[in-house]
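Subject: Structure handover

Hello,

Here is the structure you asked to take over. My notes on what was found follow below it.

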Amino acid sequence: MQKVKLLITEKELIELTMEYGYSGSELNNPHFLEKSYLKQNGTFDSFIKKVESICESWSRLKKKKGQPVMYEITNLYEKANPIPSNRINNGKKLTEADLLIKDYIHFALCVNEINDGKAHSLNQWAELFGLTTRDELNEIADTNAFTDLYWKNEVAKVISTFKSTITRRNRDVVYNSFGYLEKQNKIKKSEVPLFIHLDDSISSPSQQEFDDVNFAIDKILASKNVTRNDYYYNHFKQNVIRARAEVKNMLEEKGLKNLFIGYKIEVNELLPEEQWVDMQQFLKAYSDRLIQLTLERENNPAYQVNYVEKRFYIFNTLSLLRELGYRVEETLISNYEPNVSDVEAIHDSKKEYAMGKSEQFKLQYAFSNRIKDETLQTWGFRTVFL
């Protein structure tokens, strides 16, 4: 059989992969935009996997100065082959729960009532797939699970930490599943910038308009020394509170409540019937995996601190998962229930710290008054007896 060879530029090759259903995200890669070719790193490796799925063989020709990167492609396939995953995701082996979750999301995307052809945020997709909603998370604020164990302000921080855990996990589940399915050429994912206006209407701005507002947010966060992660998840820090207030004012001046990237999904390949997953299987796999990830934090030094929301993170998370209706074994929760003496020790350390800060403030106040009085005395205004 005669081999058919094709000589094309790297840009043309990226566009060719798009004809096979891939997103063409390499066209927006910063190095490609600047240099007009892909740097040989992880992005390049992912791109080559796409190339290998659409042709029998390929070779990258030596780049000549002043000319674009060229490729020789041999025997294009009629349809892209699935990219072998080897059950690996970001360098880690996918668990059975991970694979079941991804199969369910693939199955759900084929259902018109869920995938309506519109772009949705990761949080909205998570709710469409049946994961915990924002209203359900807000309801656990009334929990009495920790009433006799923690102070009231500590309970508020425990609940806030849990909300952040669930929100972040749900976003990760959706985002990673979309990425996995796209690599397998099962779906095509398109990113759509969206604005939410003060009247709750949604519009799709140009990429430049979206980037301008996003950059304005970055400037505010940088001025307050706040990271994006803190901005989204650490609402109790004073600098975060100030930054969020300033961002809110800036957005309102522009007639906006919020902005986000929406994801529009097109299904390239239906999930075989023998791989269909029902909602209960999906939710069990979701909770099993979340419990496993939670238990992995047991020996994490970042959680060995005198804050109940971190020191007793595993107990708090397992307890609130059960409050949400997920099945968590009572013996597992009991294994991580803190001793009252451990909680009291944290409370005692906080009291000592607060007393120390109070004494320090009194000394600073007395010293500043003394300096002030001595200055006045020097100028002859008053006599001070210390």
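Ile333 is in contact with Phe315, Leu318, Ser319, Arg322 and Val328, leaving aside its neighbours within four places in sequence; contact means heavy atoms within 4.5 Å. Ile333 lies in helix H14; helices (H or I, at least four residues) and strands (E, at least two) are DSSP runs, numbered from the N terminus. With 3% relative accessibility, Ile333 counts as buried. Buried means under 20% relative accessible area, exposed over 50% and partly exposed in between, with a 1.4 Å probe and protein chains only. The C-alpha atoms of Ile333 and Ile314 are separated by 8.3 Å, and the two residues are 19 apart along the chain.

On the source: this is a predicted model, in which local features need pLDDT of at least 70 and side-chain atom pairs count only at pLDDT 80 or more, while totals for chains, interfaces and linings use all residues. Residues are numbered from 1 along each chain as its sequence is written, and side-chain values use heavy atoms, with hydrogens and water left out.

The whole chain

The protein chain has 15 helices and 8 strands. Of its 386 residues, 37% count as buried. Among contacts in the chain with a separation of 6 or more, 66% are between residues 24 or more positions apart. The accessible surface comes to about 23,700 Å², and carbon and sulfur atoms account for 50% of it; areas come from the Shrake-Rupley method with a 1.4 Å probe, and for residues only the protein chains shown count as cover.

Helix H13

Helix H13 covers residues 313-323, and it is largely enclosed by the rest of the structure because 9 of its 11 residues are buried. Those buried residues are Tyr313, Ile314, Phe315, Asn316, Thr317, Leu318, Ser319, Leu320 and Leu321. They pack against H7, helix H11 (279-295), helix H12 (308-311) and helix H14 (330-335).

Asn316 belongs to helix H13 and has 4% relative accessibility, so it counts as buried. Beyond its neighbours within four places in sequence, Asn316 is in contact with Phe146, Tyr150, Val158, Val308 and Glu309. After H13 comes Gly325, with a positive phi near 105°.

The nonpolar cores

A nonpolar core is a set of buried Ala, Val, Leu, Ile, Met, Phe, Trp, Tyr and Cys residues joined through side-chain atoms within 4.5 Å. The largest has 53 residues, and those with the most contacts inside it are Ile105, Leu109, Trp125, Phe129, Tyr150 and Phe178. Two or more residues come from each of helix H4 (96-109), H5, H7, E8, H11, H13 and helix H15 (340-378). H7 gives the most, with 10 residues. Apart from this core lies another, of 19 residues, among them Leu38, Phe44, Val51 and Val69.

Not counting residues up to four places away in sequence, Phe178 touches Ile105, Leu109, Trp125, Phe129, Ile187, Lys189, Tyr263 and Ile265. Phe129 sits in the loop between H5 and H6 and is buried, at 0% relative accessibility. Leaving aside neighbours within four places, the contacts of Phe129 include Tyr104, Ile105, Ala108, Val174, Phe178 and Met279.

The largest pocket

The largest pocket holds about 1,500 Å³ of space. A pocket is found on a 1 Å grid over the protein atoms alone, as an open set of points where a 1.4 Å probe fits, with protein on both sides within 12 Å along at least five of seven lines; lining residues have an atom within 4 Å of a point. Grid points are joined across faces, edges and corners, and the volume is the space filled by probe spheres set on the points.

Of the 43 lining residues, the closest to the pocket centre are Asn123, Arg134, Arg171, Tyr232 and Asn258. The lining divides into 20 nonpolar, 13 polar and 10 charged residues. Here Ala, Val, Leu, Ile, Met, Phe, Trp, Tyr, Cys and Pro count as nonpolar, Asp, Glu, Lys and Arg as charged, and the others, Gly among them, as polar. Elements that each supply at least two lining residues include helix H7 (152-183), helix H8 (207-223) and strand E8 (256-267).

Positive phi

Asn185, which is not a glycine, has a positive phi near 60°. Asn185 lies in the loop between H7 and strand E6 (187-197) and is buried, with a relative accessible area of 7%.

Regards
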